[in-house]
Amino acid sequence: MTAEALPGLQRRTVLILSLGQVLGGIAFGATVSLGALLAADLSGDDALSGLATASVTLGAAAFAIPLARFAARRGRRLSLTAGNLFALIGIGVVILAAALRVFPLLLVGIIMIGMGNAGNLQSRFAATDLAAPEHRGRDLSIVVWSTTIGGVTGPLLLTPGEALGQMVGMPPLTGAYLFSLVAQAAALVLYLVALRPDPLLTALNLAAMPSKAAALGSDIDRPVTARYAIFAVSGSHAVMASVMAMTPIHLSHMAHRAGGDATTSTDVTLLVGVTIALHVAGMYGLSPVFGILADRWGRVRVVLLGQGMFVVSLLFAIFAGEHAAGVIVALILLGLGWSAATVAGAALLTESSTVQMRPRRQGLSDSLMSLTAAAGAAGAGLVLTQFGYGGLGVVALVIVIAIIVLSPLGRIREA
């Protein structure tokens, strides 16, 4: 592999990863939207609904480090394929659990879908394996942005999916998973066939050649900066996941209070689907803008921009959370804040690590990100029950303040 061939290979890699994220977004969007509703239905307890999002993130956390180690040995192509395979099996288990009405089995299936999501998360780092340092944020953000198409489409397929599910005899609230099965299988085939040569294995080979290593920015290691990047990404994800996990339940309660007995499941799924779709659009729609800003303004500044958006979002949740419009605005800003913080944070982590250290730290980052989000989502159900949607916003605000206060650590440059 010559240095002259790198830009062309990188463009092709970003294209394949982007297509895979479109397909993965369709599958994951339905899981996010339906998971809490299915958990509440099968368990009979709204306080346990947060376990759905917690299970997704727990699965991603458990699989992130093993998947990163597998990628370091065998490359991104096989690791991403493995993630898609677990997600496919998980979708089948969720449908079976809904048919049998077995709540623990539902959580097992959602955990497996989360294991597949560990691969989706790894895709953004795969986009940086061969990226030039000055374009790292942009390339990463393009892959993140591509999830918009699938991520927005997934929640909007809830209503037609439910109709299709009823036609073929699917259990209630699972019809949209038919679309997820097709999309997840297509992503698996795409990665297995098209992601050649493998970007991570190519980067590791180039890093072993002193004359070519500098092109990847592989000669700098800043562990303090890397640790702050991991904290900023995991904290931002925990804020987003905890608030988002409880929004479907909160909106369901609002719809029933407003409509009384006349409120139908279709009314609820439509309101939830539109809100989550707008939230996902916020998460991914402007990510290329944040990637370019991270390349031009600096990674830490864009992380702080994300925290500012979080603050405004949480203030809407606290003071306007009993109105549908207020919740929608809060969720859009929540998605935008997440996008800015995680795109810039992931770029900061990559550039503060050598090529050899990147897979290990990226796996640790994804694992901690998912663990903190799982804890936040699980606890969010209890907070919502005891203190309401506004109380949940106050608790999330504490994490945002911590990320802001510790931001000077992200600018430390070790020798």
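A nonpolar core is a set of buried Ala, Val, Leu, Ile, Met, Phe, Trp, Tyr and Cys residues joined through side-chain atoms within 4.5 Å, where buried means under 20% relative accessible area with a 1.4 Å probe, protein chains only. This is a predicted model, so to speak of local features takes pLDDT of at least 70 and side-chain atom pairs count only at pLDDT 80 or more, while totals for chains, interfaces and linings use all residues. Residues are numbered from 1 along each chain as its sequence is written, and side-chain values use heavy atoms, leaving out hydrogens and water.

**Cores**
- The largest nonpolar core has 81 residues, and Leu 38 and Leu 106 touch the most other members.
- Helix 10 (residues 223-259) gives the most to this core, with 14 residues; helices here are DSSP runs (H or I, at least four residues), numbered from the N terminus.
- Another core, of 11 residues, lies apart from it and includes Leu 80 and Tyr 191.

**A helix pair**
- Helix 13 (residues 299-320) packs against helix 14 (residues 324-351) at about 160 degrees, their axes 7 Å apart; axes are lines fitted to C-alpha atoms over the stretch in contact, and angles run from 0 to 180 degrees between N-to-C directions.
- Helix 13 and helix 14 are therefore roughly antiparallel, a label for angles over 145 degrees.

- Arg 196 and Pro 197 are joined by a cis peptide bond, with omega about -10 degrees.
- Pro 197 sits in the loop between helix 7 (177-194) and helix 8 (199-207).
- Arg 101 isn't a glycine, yet has a positive phi of about 55 degrees.

Key: Buried < 20%, exposed > 50% of the residue type's maximum accessible area, 1.4 Å probe, protein only. Helix = DSSP H or I, 4+ residues; strand = E, 2+ residues; numbered from the N terminus. Parallel < 35°, antiparallel > 145°, perpendicular 65-115°, else oblique.
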